[in-house]
Amino acid sequence: MKPKPLAAMVLAACTLGAAHAALPVGAPAPVFTGEAALGGRTFTFSLAEALREGPVVLYFYPKAFTSGCTIEAHAFAEATPQFQALGARVIGMSADDIATLQRFSVEACGSKFPVAADREARVIRQYDAALAARPDTADRISYVIGPQGRVLHVHAGSDPLAHVRSTLQAVEAWRRSQAGK
């Protein structure tokens, strides 16, 4: 058997490491309810209820009002009409407190989509979205969850804009797959 080139082995190792950093495609998405804010108002978000209306883009981010997280929130806000036209809902989640997220939902999210507080990082851990060095803080990981409650798409990486592009493409692909049904 011919040995693999070093670059291929490194790529495989990186891919394997990344696969362990998030729930895999096809996995059941942990169902949760939690305190969220939209347009500065708090409410209880239920993933099970949201999935009855279509796919959900659940994105985890480290901290409200930081540079990358604000860029990502603005980009998701701008793309929200596109997600809605495809029948999808967007929700962001971090370990921030609800008072911070009330402000963030208006200032960064433009009152376009909710953000949920996970102070205990319980949901963050269930989705394997915690930073390795700080398990009480979310990493930047985005999921597209299908109406049947399974992970359709995962995007992990530091580029906040790539999360929006990637999840939008995944929702578009999901919508196309539903056209003949």
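Modeller: Helices here are DSSP runs of at least four residues, numbered from the N terminus. Keep in mind that this is a predicted model.

Colleague: What does the side chain of Ser105 reach?

Modeller: The side chain gets to the backbone nitrogen of Gly40, at 2.9 Å. Leaving out residues up to four places away in sequence, Ser105 also touches others, including Ala37, Leu38 and Val115.

Colleague: Switching to H6. Why does the distance between its end C-alpha atoms agree with its 19 residues?

Modeller: Helix H6 runs over residues 160-178, and at 1.5 Å a residue it should span 27 Å. The end C-alpha atoms are 28 Å apart, so the two agree.

Colleague: What caps the N-terminal end of H6?

Modeller: Asp159 does, with a side-chain oxygen 3.0 Å from the backbone nitrogen of Leu161.

Colleague: And what do the buried residues of H6 pack against?

Modeller: Strands S3 (56-60), S6 (141-145) and S7 (151-156), plus helix H3 (67-85). Among those buried residues are His163, Leu168 and Trp174.

Colleague: Which residues line the largest pocket?

Modeller: Pro62, Lys63, Ala95, Asp96, Arg119, Arg134, Asp136 and Thr137. That lining splits into five charged residues, two nonpolar and one polar.

How values were computed
Residues numbered from 1 in each chain as written. Predicted model: local features only at pLDDT ≥ 70, side-chain atom pairs only at ≥ 80, totals over all residues. Heavy atoms only, no water. 1 Å grid on protein atoms, 1.4 Å probe; cavity = no way out; pocket = protein on both sides within 12 Å on 5 of 7 lines; lining within 4 Å. Nonpolar A, V, L, I, M, F, W, Y, C, P; charged D, E, K, R; others polar. Helix = DSSP H or I, 4+ residues; strand = E, 2+ residues; numbered from the N terminus. Expected span 1.5 Å × (residues − 1). Buried < 20%, exposed > 50% of the residue type's maximum accessible area, 1.4 Å probe, protein only. Contact = heavy atoms within 4.5 Å. Polar contact = N/O pair within 3.5 Å; in protein donor to acceptor, adjacent residues only side chain to side chain.
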